[in-house]
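Colleague: I'd like to learn how to read a protein model, one feature at a time. Could you start with how open to the outside a residue is?

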Amino acid sequence: MLLGLGLTVAAQAAEVQVAVAANFTAPMQKIAALFERDTGHKAALSFGATGKFYAQVRHGAPFAVLLAADDETPARLIQEGLAVQGSAFTYAVGQLVLWSAQAGVVDAQGAVLHKLPGKLAMADPRLAPYGAAALQVLAQRGLSETLKPHIVTGENIGQTFQFVKTGNAALGFVALSQIMVDGKIGTGSAWRVPAALHDPIRQDAVLLKTGEGNPAARALLQYLRSDAARQVILACGYQI
């Protein structure tokens, strides 16, 4: 069901500038293609850290929609008058994983954290909610101070993934969506971090004031709730 989006005709097609949290890169690329196919609208995507996007929006960046990696940033933008009241909703709930590109490195309980084989990568907790969640995990395990000298920080979860993938870090906290292939974890070894070890990673979308009059912006937010989009989101390792 496309929630009435079929009423959109090619003559009404528009473009929407979308700021997308780095962890949601793969699913959003797929959703944007489906969105264009089904509605005629085009989504121009920019990927990065939620904290950086927040700063850019405050300085006048022309984004019409923000797909954040948390629920706090959209709420803050609404409070500050930079996003539309009542437009925010949770489009996905993220899953944090501890991952190594090498098989057999990360065990099913994350005990490898107590005896690291090298550097540990995580996203900058000041900018990226997945990084903040990773810090909470280390605190819960009583490892915050012990592991501090071994941590390398990525600007966002995309850069963090690259640190691990290229071997610049032995393992790292990344998003499950980054290592999912056809609904399963691909190469390497991983520990799916229990949700009880960190705050829920509720990822909210919001219509920014810049996009208030853009039909493509409103259509995209509606499309994110469609069955087609939700199938992609679930297949990429998120909950909805």
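Modeller: Gladly! A residue is called buried when its relative accessible area is under 20%, exposed when that value is over 50%, and partly exposed in between, using a 1.4 Å probe and the protein chains only. Here E212 comes out as partly exposed, at 34%. K184, by contrast, counts as exposed, with 61%.

Colleague: What kind of model is this, and how are its residues numbered?

Modeller: This is a predicted model, in which local features need pLDDT of at least 70 and side-chain atom pairs need 80 or more, while totals for chains, interfaces and linings use all residues. Numbering runs from 1 along each chain as its sequence is written, and side-chain values rest on heavy atoms, with hydrogens and water left out.

Colleague: How many salt bridges does the structure hold?

Modeller: First the idea: a side-chain nitrogen of Lys or Arg must lie within 4 Å of a carboxyl oxygen of Asp or Glu. The structure has six such bridges. One of them joins K52 and E155, with 3.1 Å from N to O. This pair links distant parts of the chain, 103 residues apart: K52 sits in helix α2 (residues 50–58), and E155 in the loop between β7 (151–154) and α6 (157–165). Helices (H or I, at least four residues) and strands (E, at least two) are DSSP runs, numbered from the N terminus.

Colleague: How many aromatic pairs does a search of the whole structure find?

Modeller: Rings of Phe, Tyr and Trp (its six-membered ring) form a pair if their centres lie within 6.5 Å; planes under 30 degrees apart are stacked, over 60 edge-to-face, and the rest tilted. The search finds five pairs. Take F24 and Y91: their ring centres are 4.8 Å apart and their planes meet at 70°, so this pair is edge-to-face. F24 is in the loop between β1 (15–21) and α1 (25–39), and Y91 is in strand β4 (residues 89–94), so the pair ties together parts 67 residues apart in sequence. Both F24 and Y91 are buried. Together with Y238, they form one aromatic cluster.

Colleague: Which ring has the charged end of R225 over it?

Modeller: For this we ask that NZ of Lys or CZ of Arg be within 6 Å of the ring centre and within 35 degrees of the ring normal. R225 sits over the ring of F89, 3.8 Å from its centre. R76 likewise lies over the face of Y54, at 5.1 Å from the ring centre.

Colleague: Which residues line the largest cavity?

Modeller: Rolling a probe the size of a water molecule over the atoms shows where empty space is left. On a 1 Å grid over the protein atoms alone, a cavity is a set of points where a 1.4 Å probe fits but cannot get out, and lining residues have an atom within 4 Å of a point. One cavity of 30 Å³ or more turns up in the whole structure. The largest holds about 60 Å³ of space, where points are joined across faces, edges and corners and the volume is what probe spheres set on them fill. Its lining includes N23, T50, Y130 and I157.

Conventions: 1 Å grid on protein atoms, 1.4 Å probe; cavity = no way out; pocket = protein on both sides within 12 Å on 5 of 7 lines; lining within 4 Å.
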